[in-house]
Amino acid sequence: MDKTAELKLDGKTYQLPVVVGTEQERAIDISNLRNETGYITLDDGYANTGSCQSSITFIDGERGILRYRGIPIEELAEKSTFIEVAHLIIFGHLPTSAELRRFSDLLTENELLNEAMKHHFEGFPTQAHPMAILSSMINAASCFYPELFGPDSRNTFVVQAARLLSKVRTIAAYAYRMSRGLPIIYPKPDLKYTANFLHMMFSLPYQEYDLKPEAVKALDLIFLLHADHEQNCSTATVRMVASSRANLFASAAAGVCALWGPLHGGANQAVLEMLEAIHREGDDGSKFIAAAKDKNSGKRLMGFGHRVYKNYDPRAKIIKRVCDQLLEKLHITDPLLDIAKHLEEVALKDPYFIERKLYPNVDFYSGIIMRAIGIPVEMFTVIFAIGRMPGWIANYKEVMEQPHSRIYRPRQVYTGPTLNHYTPIKERK
Ligand code: CMC
């Protein structure tokens with residue numbers, strides 16, 4: 001007999017089905033709880049709530065495991081590329097040569113933006129944060145593809161997915177160029193995804209950017225390591241928006257907004273700003289660690305801690321290694337790397353961080369790599385968004401393909417005033 005959980009409430013006993021995942025993760029299915037008992041569950045920050053069943057990404061936070069479609073992140077980081085991994089995440093399998101060629105061709109065919117979009121970019125003030133531009137322009141781009149809104153949009157999904165994945169990097173590069181008052185550089189069809197992005201970011205009309213293979217590889221790896229991370233804040237947002245049957249671009253634009261916050265994707269920018277501040281103040285990090293432990297300081301050790309990982313984030317291990325290798329190859333010495341390593345060493349021996357199981361996360365070293373490549377700090381979270389796009393697209397697809405998928409609509413426990421009546425303005429105190 002299938003396992004069930006027993007719940008005793010108000011003198012009655014209820015049997016709740018237990019759902020077991022392929023990696024033996026167990027969940028109590030409460031979908032009929034309110035109908036049967038009149039109760040709902042309450043779970044601050046959704047820390048114990050499984051919002052869906054998904055076959056895309058597996059994380060075991062206690063053991064520091066991350067797998068895309070079953071394949072360990074370490075293997076993919078060593079052997080694969082961002083675009084191959086994007087295919088794996090979105091379509092569920094590693095592409096054959098023919099599939100990879102077709103997917104790459106689709107990315108190339110869709111790399112340009114409609115020229116009318118240039119006017120939209122011009123409307124933003126130069127100090128606009130590129131994440132604001134990115135989310136607005138992803139939404140704006142949807143206006144050029146009416147088929148996104150049609151009833152048959154599922155039939156055109158492959159094209160829509162490639163369109164979004166390709167255009168997001170063009171939008172990101174244009175946003176940067178406009179913020180610096182630089183002319184827009186068009187993509188080059190003969191360049192691969194990541195090299196093309198760097199070309200659009202840094203080439204000049206009279207001078208091609210010198211694409212260093214080590215830098216291209218390191219950025220491609222950063223994209224790959226960010227490609228999906230199950231039900232994090234932005235992906236859950238994408239699924240939430242998708243559940244209302246909003247189109248793919250609108251759902252992804254919402255994901256960009258959720259990612260922007262400093263507790264989520266915005267942490268990579270916050271880490272670098274923290275390291276710069278520590279360096280400016282001549283601190284070796286000790287003062288900052290003391291402040292991060294003091295709840296009244298309003299400071300946290302950015303790039304440390306994770307809702308799911310209670311062990312080293314496997315992506316942080318890979319990024320740290322690549323960071324060392326890249327700086328050596330490019331002959332760069334960065335004092336911020338020394339500060340970061342010192343912070344990590346001190347924090348990992350400190351009872352505050354040990355007791356709370358706080359380890360470096362993906363954002364701790366990624367900024368130093370991006371800085372070495374020449375990417376400005378305000379673009380860091382945009383890089384995260386480009387990387388996360390395959391995960392958002394795959395999760396969108398999963399929501400749309402569920403035969404009985406319902407709109408996401410949590411409940412609440414109301415704590416406001418009980419029945420109250422309207423007071424005319426003259427009688428109000
Ligand atoms: N520095 C100092 N204290 C921390 C930190 C930190 N970075 N992270 C958590 N804590 C403390 C927190 O104050 C709390 O202490 P206490 O139990 O005494 O109240 C305890 O650890 C548990 O923290 P929490 O905020 O309840 O944990 P959470 O799961 O809600 O938050 C987190 C996870 C990632 C938002 C949090 O660890 C954090 O703010 N980290 C810094 C920001 C960061 O690096 N974010 C990137 C996350 S990884 C990439 C991504 O997903 O986008």
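Student: How many bridges join E4 to strand E5, and in which sense do the two strands run?

Tutor: Some ground rules come before the answer. The model is predicted, so to speak of local features a pLDDT of at least 70 is needed, side-chain atom pairs count only at pLDDT 80 or more, and totals for chains, interfaces and linings use all residues. Residues are numbered from 1 along each chain as its sequence is written, and side-chain values use heavy atoms, with hydrogens and water left out.

Four bridges join E4 to E5 (residues 65–68), and the two run antiparallel. Strands (E, at least two residues) and helices (H or I, at least four) are DSSP runs, numbered from the N terminus. Two strands pair if DSSP finds at least two bridges between them.

Start with E4 itself, residues 57–60. Thr-57 and Ile-59 point one way from the strand, while Phe-58 and Asp-60 point the other way. All of them are buried, a word that here means under 20% relative accessible area, with exposed over 50% and partly exposed in between (1.4 Å probe, protein chains only). Across the pairing, Phe-58 stands opposite Arg-67 in E5.

Next, follow the chain from E4 into E5. The hairpin has four residues between the strands, and Gly-64 takes a positive phi near 65 degrees. Most residues other than glycine have a negative phi. Tyr-46 has a positive phi, near 55 degrees, and is not glycine. Tyr-46 lies in the loop between helix H1 (33–37) and E4, and at 53% relative accessibility it counts as exposed. Another such residue is Lys-357, with a positive phi near 55 degrees. Lys-357 is placed in the loop between H16 and helix H17 (363–373) and counts as partly exposed, at 43% relative accessibility.

Back at the strands, E5 also pairs with E6, in the antiparallel sense and over two bridges. In that pairing Tyr-68 stands opposite Ile-71 in E6. Put together, the strands form an open sheet of three, in the order E4-E5-E6, with antiparallel pairing. E4 and E6 (71–72) stand at the edges, each with a single partner strand, so one side of each is left without a neighbour in the sheet.

Now set this part in the whole. The protein has 18 helices and six strands. Its radius of gyration, taken over C-alpha atoms, is 23 Å, close to the 22 Å that the globule rule (2.2 Å times the number of residues to the power 0.38) gives for 429 residues, so the protein is as compact as a globular protein of that length. Buried residues make up 49% of those 429.

Ten of the 13 residues in H6 are buried, among them Leu-134 and Ile-138. The buried residues of H6 pack against helices H5 (117–122), H7 (157–179), H11 (248–260) and H18 (380–401), where contact means heavy atoms within 4.5 Å. Leu-134 and Ile-138 are also among the residues that touch the most other members of the largest nonpolar core, which has 122 residues. Such a core is a set of buried Ala, Val, Leu, Ile, Met, Phe, Trp, Tyr and Cys residues joined through side-chain atoms within 4.5 Å. The largest share of this core, 13 residues, comes from H18.
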